[in-house]
Amino acid sequence: AALFTLLPSDNTIFMPNSNNLFKVSGGGPSTCLSYEFFNTAIVTFGVSTNNYNKQVGFGNKNIVPGTFVYGFNLIANGTFNLYYNGSVNLNVPNLPYSPNDIFTLALDGTYAMYYQNGILIAMYHRIPEVTSVQFYCSIN
């Protein structure tokens, strides 16, 4: 269950309950972010398609749409890459994903851990300057 308050950027994001987000119209990106900030956090999400761009992760107080401190960047071609320290981590190649895959991003006091279908795919030290984060997503 979601333990944060989600604030959609416009009326193209539909939230039937606290655990689901759907983009219902529009061609450009629609964003949603949490009102609260966290020192540690976990987000787990699934995707029903792999033909739309989606970004899910955590940013800091100076968040800029489309920029994450930590996150997943799911690309409409069925691949994804990882955000770390505000940009795409080029040390990890684009990886494939399928509809119904489950992604998890977990932040503890020391590490940012990225999972796909329960398998740890990357782990990085937390950025020391970023002590609190808020949930952020962008859906095209």
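# A chain built from strands

From the N terminus on, the elements of the chain run β-β-β-β-β-β-β-β-β-β-β-β-β-β. That comes to 0 helices and 14 strands, where helices (H or I, at least four residues) and strands (E, at least two) are DSSP runs, numbered from the N terminus. This is a predicted model, in which local features need pLDDT of at least 70 and side-chain atom pairs count only at pLDDT 80 or more, while totals for chains, interfaces and linings use all residues. Residues are numbered from 1 along each chain as its sequence is written, and side-chain values use heavy atoms, with hydrogens and water left out.

**The chain as a whole**

- Of the 140 residues in the chain, 41% are buried; buried means under 20% relative accessible area, exposed over 50%, and partly exposed in between (1.4 Å probe, protein chains only).
- Among contacts with a separation of 6 or more, 53% come from residues 24 or more positions apart, a contact being heavy atoms within 4.5 Å.

**The four-stranded sheet**

- Let's start with an open sheet of 4 strands, in the order β5-β11-β12-β13 and with antiparallel pairing; two strands pair if DSSP finds at least two bridges between them.
- β5 (41-46) and β13 (119-125) stand at the edges with a single partner strand each, so one side of each is left without a neighbour in the sheet.
- From one strand to the next, the twist averages 10°; axes here are lines fitted to C-alpha atoms (for helices over the stretch in contact), and angles run from 0 to 180 degrees between N-to-C directions.

**Strand by strand across the sheet**

- β5 meets β11 in the antiparallel sense over 6 bridges; G46 has I102 of β11 as its bridge partner, and F45 stands opposite F103 in β11.
- β11 (residues 102-107) is mostly covered, with 5 of its 6 residues buried.
- The antiparallel strands β11 and β12 are joined by 5 bridges and form a hairpin with 3 residues between them; here A106 has M113 of β12 as its bridge partner.
- β12 (residues 111-116) runs antiparallel to β13, with 6 bridges joining the two; Y111 is partnered by H125 in β13.

- Leaving aside neighbours within four places in sequence, I121 is in contact with F72, F80, L82, L95, Y114, Y115 and Q116.
- I121 and V92 are 29 residues apart along the chain, and their C-alpha atoms are separated by 9.2 Å.

**R126, a buried charge**

- R126 lies in the loop between β13 and β14 (134-139).
- R126 is buried yet has no salt bridge, and the nearest side chain of opposite charge, D108, is 5.7 Å away.
- For reference, a salt bridge is a side-chain nitrogen of Lys or Arg within 4 Å of a carboxyl oxygen of Asp or Glu; Lys and Arg count as positive and Asp and Glu as negative, while His and the chain ends are not counted.
- A polar atom of the R126 side chain lies 2.6 Å from the backbone oxygen of D108.
- The side chains of R126 and Y70 are joined by a polar contact of 3.5 Å; such a contact is a pair of N or O atoms within 3.5 Å, and within protein one must be able to donate a hydrogen and the other to accept it, with residues adjacent in sequence counting only if both atoms are side-chain atoms.
- Not counting residues up to four places away in sequence, R126 touches N39, T40, Y70, L107, D108, G109, T110, Y111, A112 and T131.

**T79, in strand β8**

- T79 is found in β8 (residues 79-84) and is buried, with a relative accessible area of 17%.
- The T79 side chain makes polar contacts with the side chain of N77 at 2.7 Å and with that of N94 at 3.5 Å.
- Not counting residues up to four places away in sequence, T79 touches N73, L74, N94, L95, P96 and Y97.
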